[in-house]
Amino acid sequence: MEQQGFQRFCRMILVLVVCMFAATGCKTSTDARAAAMQLTATAKALGDYYIALESMVEKSDQLYTLQEALGGAGYDAETRQHVLNVKSEMGKRAALSRTFISIAASFAGLSGSTAATDVPASAAKLEAQVESLKVTGTLSQNQQSLMKGALELFVRAVQEHKERQAAAAIDSFTGALVQLVANEAGLYDSLGSQYATLAQAVALSQIRKGRVDPAALLKPAFEPFSLTALPADQELREQLRQPMEQQIAKKAAAIESGQKEATMALNASLLEMAQRVHRVATDQPLAIDTTPLTLEIVEAWAAKIVAL
Amino acid sequence: MTDVQQTLLATYKTLQLQEGMLRAACSIEQAKVLDENYSAARKAYWEYMDRAFQNNDAEVEALAVQLNAVNGELSHSLEQLNNINKVLEKISAALALGIKLAARAAVL
């Protein structure tokens, strides 16, 4: 539900951005708005990526509880707290991305809009979210200050309707954001890898105990004839054990490789977006006015993970 | 992923995947030791993720190299599965280093 609300919000932002487009003819403004649209799309993909990561950590928490209930190792409170802390950190990053979308919209609506009155609240919110991020090895105190300083500069520039200065502030912020994601990329991939292995381990343990119905594997034989297999007996479960294990291993590997591909695509999109914003900030024409193609990979992966 | 991240994850993943098979080969006492080791590996991994420390400490690096070496031996032992006591011994050795690594990260 929250996801739908978020998507509706993003659509509204895009409509707003397009309307702003139609209202002016200045080349710099046009480029600024094109960059802002790309910024909006990239920030949305970033948010969706974090929502998917948060969902993977949440599912890991559920799987540990399940593992314990099924006779596996106990899930102690301290470990669970660490898991929940990581989930919370992903949630904070997703929230930051959502706020970044509204900042991008303000940037798009600089000329002749009422954005100037709206932007301080959004920027203050984003600043608070940057502040709330746990300062680890991935985000230094210096980077955090840089992001906050850029936002303050952005608010002033928007209030004074100074497009290029606003672009320069956004430029500084996106640079720090790109750095943050690049520094944490290994941690993100690690989360995906452990989730794929955990889900695989729980599923395999149940197959070994003969608790999994292999009926789905028989579908290609029976479905063309509108037939249904009888509930599997022990012999059939044993015969189909290996194909079931192979299917699990294949899908777990796909989850892991999909995550790595999405992380690489996200890094590439963020870098491309930062370069475009930098062009606007330094008064150079935008060569490309479409969103980075790599965003589709991120969005498709995020949707798949959330739906699991 | 840094060397430390990769090594800690590899140890935890190896145990996670092999835990079911190992359990089937264990006596009740051995299963208890296995559970304790698996829980400790999982805790070390999540503690590390929670703190996400930087891979810039010489001591951490040295421990990561050691853990990596033990992890290689562990994988080899798991392939054989013919000596459950030997496997548990390797797991305990890997875990001791993993916990030390996570504890070191906690104070960074």
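The model is predicted, so to speak of local features a pLDDT of at least 70 is needed and side-chain atom pairs count only at pLDDT 80 or more, while totals for chains, interfaces and linings use all residues. Residues are numbered from 1 along each chain as its sequence is written, with chains lettered from A and ligands numbered from 1 in the order in which they are written.

Confidence comes as pLDDT, the predictor's per-residue score from 0 to 100. For chain A the mean is 79, with 72% of residues at 70 or more. Helix H1 (residues 2-23) of chain A sits lowest at a mean of 41, and H10(A) highest at 93. Over residues 5-26 of chain A the pLDDT is below 50, yet this stretch still has 26 contacts in the model beyond near neighbours in sequence; a contact is a pair of residues whose C-beta atoms, placed from the backbone, lie within 7 Å.

Chain A holds 10 helices and zero strands, these being DSSP runs numbered from the N terminus (H or I, at least four residues, for helices; E, at least two, for strands). Along the sequence that reads α-α-α-α-α-α-α-α-α-α. Of the contacts in chain A with a separation of 6 or more, 79% are between residues 24 or more positions apart. Of its 308 residues, 42% are buried, where buried means 20 or more other C-beta atoms within 10 Å of a residue's own, exposed 12 or fewer, and partly exposed in between, with C-beta atoms placed from the backbone.

Helix H10 (residues 295-307) of chain A has 13 residues and should span 18 Å at 1.5 Å a residue, which agrees with the 18 Å between its end C-alpha atoms; the expected span is 1.5 Å times one less than the number of residues. Its buried residues are A:Leu295, A:Ile297, A:Val298, A:Trp301, A:Ala302 and A:Ile305. Seen down the axis of H10(A), they fall within an arc of 160 degrees, so they line one face of the helix; the arc is that of the directions from the helix axis to the C-beta atoms.

The contact between the chains draws 25 residues from chain A and 24 residues from chain B. On the chain A side, helix H3 (77-108) and helix H6 (163-208) each supply at least two residues, and H6(A) gives the most, with 13 residues. That side divides into seven nonpolar, 14 polar and four charged residues. Here Ala, Val, Leu, Ile, Met, Phe, Trp, Tyr, Cys and Pro count as nonpolar, Asp, Glu, Lys and Arg as charged, and the others, Gly among them, as polar.

Over in chain B, B:Glu36 belongs to helix H2 (residues 28-51). B:Glu36 is partly exposed, with 15 other C-beta atoms within 10 Å.

How values were computed: Two residues are in contact if their C-beta atoms, placed from the backbone, lie within 7 Å.
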